[in-house]
Amino acid sequence: MARDSVDPVTLDLDTLRPYPDAGDPDSRAHDAADRLLLDESAEARQGVARREIAVIGDTFGALALACASDASDGVVRVHQDSLGGERALAANARSTGLEASVASLPLDPELVRDARVVLVRLPRSLEALRDIAGLIAAHAAPDVVVFAGGRIKHMSLGMNDVLREHFDTVDVSLARQKSRVLIAHGPHDGRDPEPSAARLRIGDTDVEVRAFGGVFAGAALDIGTRLLIDNLPDTIPGHADDPAVDLACGNGIVAATLALRHPGLRVYASDESAAAVASARATAAANGIADRMTVARDDALASLPAASASFIADRRDDRPAPVRRCSSRAAPGWRTVDRLEFGPPLPPVARETRRPDPSDRPHPEVHGHGLDTSLSGRLKRFQPSALRLGRRRRQRTDRMSGLPRQSHG
Ligand SMILES: C[S@@+](CC[C@H](N)C(=O)[O-])C[C@H]1O[C@@H](n2cnc3c(N)ncnc32)[C@H](O)[C@@H]1O
C-alpha cells in the first residue's frame with residue numbers, strides 16, 4: 001500500500017540529474033512512478049541488503065540510488081536498456097558518492113541471481129517484460145517480490161497477464177499521480193531471454209533475423225527499413241578499416257543484408273539499446289557473418305573517429321542531435337544524404353539533399369530513413385533541389401494512395 005504521508009527515501013531525489021543534462025533547473029531525474037515504486041517497495045526492502053536488490057529499467061538511476069542509499073552490504077545490481085540511462089546512473093552515483101553501491105549489468109542471470117526484491121520500471125513492450133519476468137523467475141530467490149511500475153498511460157492489462165505467466169500472484173497498487181505498481185510473488189516457469197527468430201526474403205537475399213524483447217520491429221522487416229534497403233546502392237564503399245556503417249541497427253537487419261549481399265564487405269552496426277545490440281549480434285551469428293559484422297553499443301557513432309566512415313546507412317527515428325553528431329563521422333567531402341522519409345498520414349516520400357563537395361568524391365554516402373510527422377519541419381531542413389524532388393515524389397504517391405495532395409507553401 002502506498003504511504004503518502006511518509007517519505008521513506010533518504011536520498012534527495014531532486015539532487016539527481018537527467019541525461020543528457022541540458023542544465024534546466026526544473027528538469028528532474030525521477031517522476032511520480034519512480035516515487036511510487038520506492039514507496040511501495042519500502043517495507044519489503046527493510047533489512048534487505050543491497051546485494052539482494054536488483055533494479056531493471058531505471059530511467060536515470062533514481063530507483064537504484066535510492067535503494068542503495070537505504071540499504072547496506074554489497075551493491076544494487078542494475079540493468080538499463082538505454083546507454084543514456086546507464087550514463088545518467090553513473091553520473092548520479094558519482095555526484096551522490098554512491099559509485100561503489102551500484103553496478104550496471106547486462107540482462108542476464110547474474111543481474112537477478114538470488115535477489116529478494118526487484119524493482120522494474122515497466123517497459124512498453126510486452127515481449128521485453130516477458131524477458132524480464134522470465135529471467136527473474138528463473139534466477140531470483142524463491143521469496144522474491146517484484147515491484148513493477150509505470151505511468152498508467154503506458155500500462156496495459158496485458159502486463160498483468162505477462163507477469164502471471166511467471167508469478168503466482170500479481171497485485172495492483174492504488175493509483176497515485178497517474179502511476180501504478182504491479183506487485184508479483186511466487187516465481188515459477190522461469191526462463192532466460194531467447195530472441196525470436198525469422199527468415200526473411202529481402203529482394204534476392206535470404207536474411208535470418210533475431211530479436212530480443214523490445215527491439216524495434218521485432219524479428220521482422222519494418223516498412224521504412226524496407227524502403228531504405230530497397231534504395232541501397234549496388235556498390236558499397238568500405239574495407240577492413242572503413243566498414244560500412246549501420247547506424248541505429250536495431251535487430252541488425254540492414255547490416256546483415258549489406259554483408260550478405262556483398263561477400264567480403266565488413267560492416268559496423270551500432271545502437272544505444274542493449275537489447276538491440278544483443279539482437280544484432282544474434283542476427284550476425286545466425287547468418288554466419290559474425291566475423292565481418294561488428295556490433296557496438298554506442299550513442300550514435302561516438303566511438304568512431306571523426307571523418308572515418310565512407311558509407312552510413314541511417315534508419316533512426318528523427319533525432320536532430322545524433323544526426324549532427326553522425327555527420328561528423330562521415331569522411332571529408334561527404335556529400336549526399338539520400339534521406340527517405342515516411343510518416344503518417346503521408347505516404348512514403350523520397351528526397352535528396354546535397355551539400356557542396358570540395359573533393360568531389362563519389363562517396364561517402366549516408367542512406368537514411370527517419371520518422372518525422374512534421375511536414376513543415378521537414379521542408380525547412382532541405383535545400384530547394386531537395387524540395388523539388390520531394391514534391392515530385394509526393395505528388396506521385398499521393399495519386400497512388402488517393403490522399404488529398406499536400407500544399408507545399
Ligand atoms: C527506428 S529504429 C531502427 C532499427 C533498425 N535499423 C531497423 O531498421 O529495423 C531506431 C533505432 O535507433 C536506436 N537509437 C535511438 N537513439 C540512438 C542513439 N542516440 N544512438 C544509437 N542508437 C540510437 C534505437 O535504439 C532503435 O533501435
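Helices here are DSSP runs of H or I with at least four residues, and strands are E runs of at least two, both numbered from the N terminus. By that count, the protein has twelve helices and 16 strands. You are looking at a predicted model, in which local features need pLDDT of at least 70, side-chain atom pairs count only at pLDDT 80 or more, and totals for chains, interfaces and linings use all residues. Residues are numbered from 1 along each chain as its sequence is written.

Let's start with the whole protein. Of its 409 residues, 46% count as buried (20 or more other C-beta atoms within 10 Å of the residue's own, with C-beta atoms placed from the backbone).

Next, a helix pair. Helix H5 (residues 126–139) packs with helix H6 (residues 157–164) at an angle of about 25°, their axes 9 Å apart; axes are lines fitted to C-alpha atoms over the stretch in contact, and angles run from 0 to 180 degrees between N-to-C directions. That angle makes H5 roughly parallel to H6, a term for angles under 35 degrees. The contact (C-beta atoms, placed from the backbone, within 7 Å) involves these residues:

| Helix | Contact residues |
|---|---|
| H5 | Leu 126, Leu 129, Arg 130, Ala 133 |
| H6 | Gly 158, Met 159, Val 162, Leu 163 |

By class, six of these are nonpolar, one is polar and one is charged. Ala, Val, Leu, Ile, Met, Phe, Trp, Tyr, Cys and Pro count as nonpolar, Asp, Glu, Lys and Arg as charged, and the others, Gly among them, as polar.

Finally, the ligand. Of the 21 residues around the ligand, Thr 225, Ala 248, Gly 250, Glu 272 and Ser 273 come nearest (near means a C-beta atom, placed from the backbone, within 6 Å). The shell around the ligand has nine nonpolar, four polar and eight charged residues.

Notes: Angles under 35 degrees count as roughly parallel, over 145 as roughly antiparallel, 65 to 115 as roughly perpendicular and the rest as oblique. Two residues are in contact if their C-beta atoms, placed from the backbone, lie within 7 Å. A residue is buried if 20 or more other C-beta atoms lie within 10 Å of its own, exposed if 12 or fewer, and partly exposed in between; C-beta atoms are placed from the backbone.
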